[in-house]
Amino acid sequence: MKERELRALIEDVRTGLVPRRSFIQQMVGLGLSAPMASMMLMHAGIAQAQAAPIYKPAKRGGGGPLKLLWWQGATLLQPHFANGTKDQEGSRIFYEPLAVWDNDGNLVPVLAAEIPSRENGGLAADGKSVVWKLKKGVTWHDGQPFTADDCVFTWEYVKDPATAAVTIGVFKDIVVEKIDAYTIRVTFNQPTPFWATAFCAAEGMVIPKHLFAPYVGAKSRDAPNNLRPVGTGPYKFVDFKPGDIVRGEINTSYHMPNRPYFDTIEMKGGGDATSAARAVLQTGEYDYAWNLQVEDEVLLRMEAGGKGKAQISPGGDIEFIQLNPTDPVNEVDGERASIKSKHFAFSDPAVRQAMALLCDKKSMQQFIYGRTGFATGNFMNNPPRFRSPNTRWEFNIDKANQILDKAGWKRGADGVREKSGKKMKFVYQTSINPTRQKEQAVVKQAAQKAGIELELKSVTASVFFSSDVGNPDTFGKFWADMQMYTTTMTAPDAQRFMDQYTSAEVSQKANKWQGRNICRWINADYDKAALAGASELDPIKRAAIYIRMNDMVVNDNIVIPLISRPRVRGASLNLVTSLSGWDLDLSALQNWYREA
Amino acid sequence: MGHYLLRRLLIAVPSLLGISVVLFTVLALAPGDPFGEMATNPNVPAAVREMLRAKFGLDDPIWQRYFHWLWAMLKGDWGFSFISRVDVDKLILQRVPVTLAVIGASQVLALAVALPVGIYSAARPYSLFDRVASTLAFVGFSLPTFFTGLLLILLFSIKLDWLPFVYRADIAATGWQWWWHQIKQSIMPVTVLGLFQGASWTRYVRSAVLDVIRLDYVTTARSKGLQERVVLMKHVVRNALIPVVTLVALTMPQIFGGAIVTEQIFRVPGIGSLLIDAILRNDTPVVMGVTFVFSCLVIFFNLIADLLYGWLDPRISYR
């Protein structure tokens, strides 16, 4: 979509011709995230919908216990040391950030008094600073008041590399200063279009200065409050057994009225997704289960019991296949899959195009994923109702055969195509996961009909997804011809997600294969666009840039997007949750209640 | 015997050292690293991962890491988990009570089933009771625990809705209520494990008793007019149980190793699930801690079994 068309659409929203909801959905259809679309409207001066969540209870407490099931149990409760979302969710019960993202992409204030904008002077015109006003009257669980000092301290704590906090990426390039006891200014060193990163969502939880101050830097691991969180959240800490259980009780001096509803909260860990689904949907032993990576058939059968329902919220996660343009077998300068080498088949765009035509996404969605996945042609997410006009996908074995014939790949005596003596036999690797093995089988079958033989390889998830330099099977090394996995959009903004295809991020021996551009794709136009997108302040122009970048990657067929995976959770029928696909499950925990 | 005991204890020390070297080397050579999950997170810069690795000494050579670990162990510091950032001994101690309760109860159940059934089967070999018991025993130890566990869950939790199938180590109730809930949630895992173990022990007890019941002194006791019950209990069982007692002593360490599959199915927070989680996440200190404890227990209980055997059977002498 061109910039002109985008601006016209935004004008329509302003005049009321197009509802805000519909605009956001269209943007998501083009591959942007809802928060980005919301930012576009905010920039144009269109006020956010006052997203008042439905909250019926008229008093605090009285709701009994809330039992959550996380089949990967939380192993620590300090948000800045979190190993993955499970630890962030465990911490989120007790700690809070300044603002969170709701399902429509709106920023909702939690510890902030209001969302910064141009009108209230929060956002600077040059895009280099944001002023946050903090809520007054908020106290930590131990009674101390929450002030701007805590925010400034959180920044100092996280940005210190000796602390080894995993959220450092968000805090290291900013300066946070206190303006008064309830106001802070966050200054970026260059104009930053997407400013809602520091102190927002999962990476922005604020920690108390008076408890963590003696433990900055190298002493960070000794802080007793790493295991006994004291936060501002709706529940106070009771007990924690790593990997097993997190328990909390109601915070009677919580800063929002009539909240929380439940008296105690318990987050149990361990087991697997299927038994978690069973405990919520079939026996009703638990009220909520996270991340049900279970086949839809099984989920439907369990829901028939009538005790719970699977909740599906769209997000940015995408299951996709990468094709290797380099040679994964032969070493060049002591390095396999080096950018100096070329793949004998995949460096030919025609072969890549043929491969893309052989992925039967529709069948995968219909038979494997069901409600839990949507076939997509975009690398950035794409709900089925809105198709991007720029990328098309189809499943057509005959067309693939034609393209390969024309490109000079003739079938040999065994039915496998070959050219200049090299046969089309590829190694296709992924992690061990029943769903993924089924997807592999689907692709292999179609490829066989086109004369391509695929050798399926599956690696244990904990090895495949590791960054172990000594192991040849990690996804970062990509020492195979094709690989498949799900990449998650951990932040609502597309910049970090899309800059993984710039040439600076190429995964190679020099950076111990920790670069994020795993398919070693190098394209000068893309690099230029990425640079432009990072500094473009006008969110509309920026959106147009990212849509173009998405199209570049997909049309070159270096990645074949397969399934856009929404978040699937299970909740009992009478539990009212405010679930978002753009933030943690528990991002609005204070609003959860049970309908009578 | 004192001489024998001393010699065994002295041999135990190099055995433990050897075990720890092998364990450590295998773990160090194993693929994967504890900070793997961060590798997929674009917001964690590679520099932080490097810093964490350096902080935990992951980049030092293997022998250096081993001696570092050994020295710390000797001082009583069992290490610091990479994943939970908690001391390893605290992690293990948290899980011991549950493991003892559930796995311990299952061993008691196994004994309670194996002894009477085995003895009675041997007393009346090839009778109907014996045939039925043997068939059930074979079925029992052929069916894997994950299968029987799932069957029980489907039957008792889902169909009948009598029992909860998620184990909770902390029940917010006291007195009778607490016991009642504890029993309800423990029945299934204890039964699954206990019957599996009991099935193989039944056969063992049966063959041990059969060996003894044929001997001459049993015939003598009978011909002297003693009641069958007294012959069985006082003469046969006491001698037949000697090998059984040593077998039980040798399987005691299993209680601490936990039952990994059952713990996964029922979400029992025992040592077995701690071990498997640590292995999958490459959390080396925890794996070293747990396996080291386990190997100490194995050596210790082997020693006890040997001593016990010598004490129960006067024909055995120590050399």
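Axes here are lines fitted to C-alpha atoms, for helices over the stretch in contact, and the angles between N-to-C directions run from 0 to 180 degrees. The exercises below concern a predicted model.

**Exercise 1.** Determine how helix 6 of chain B is oriented relative to helix 8 of chain B, and which residues make the contact.

*Solution.*
1. The axes of helix 6 (residues 128-142) and helix 8 (residues 175-213) of chain B come within 8 Å and cross at roughly 130 degrees.
2. Helix 6 of chain B is therefore oblique to helix 8 of chain B, since angles over 145 degrees count as roughly antiparallel and 65 to 115 as roughly perpendicular.
3. The crossing of the two helices is left-handed.
4. Helix 6 of chain B contributes A133(B), A137(B), G140(B) and F141(B), while helix 8 of chain B contributes L195(B), F196(B), A199(B), S200(B), T202(B) and R203(B).
5. By class, these contact residues comprise six nonpolar, three polar and one charged.

**Exercise 2.** Describe the side of chain A that touches chain B.

*Solution.*
1. In this interface, 46 residues of chain A are in contact with 45 residues of chain B.
2. Elements of chain A that each supply at least two residues include strand 7 (235-241), strand 8 (245-250) and helix 8 (273-282).
3. The chain A side divides into 15 nonpolar, 20 polar and 11 charged residues.

**Exercise 3.** Classify D161(B) as buried or exposed, and locate the residue.

*Solution.*
1. D161(B) has a positive phi of about 60 degrees, although it is not a glycine.
2. D161(B) lies in the loop between helix 7 (145-159) and helix 8 of chain B.
3. Because 12 other C-beta atoms lie within 10 Å, D161(B) is exposed.

How values were computed:
Residues numbered from 1 in each chain as written. Chains lettered and ligands numbered in written order. Predicted model: local features only at pLDDT ≥ 70, side-chain atom pairs only at ≥ 80, totals over all residues. Helix = DSSP H or I, 4+ residues; strand = E, 2+ residues; numbered from the N terminus. Parallel < 35°, antiparallel > 145°, perpendicular 65-115°, else oblique. Left-handed = near helix turned anticlockwise from the far one by under 90°. Contact = placed C-beta atoms within 7 Å. Nonpolar A, V, L, I, M, F, W, Y, C, P; charged D, E, K, R; others polar. Buried ≥ 20, exposed ≤ 12 C-beta atoms within 10 Å, placed from the backbone.
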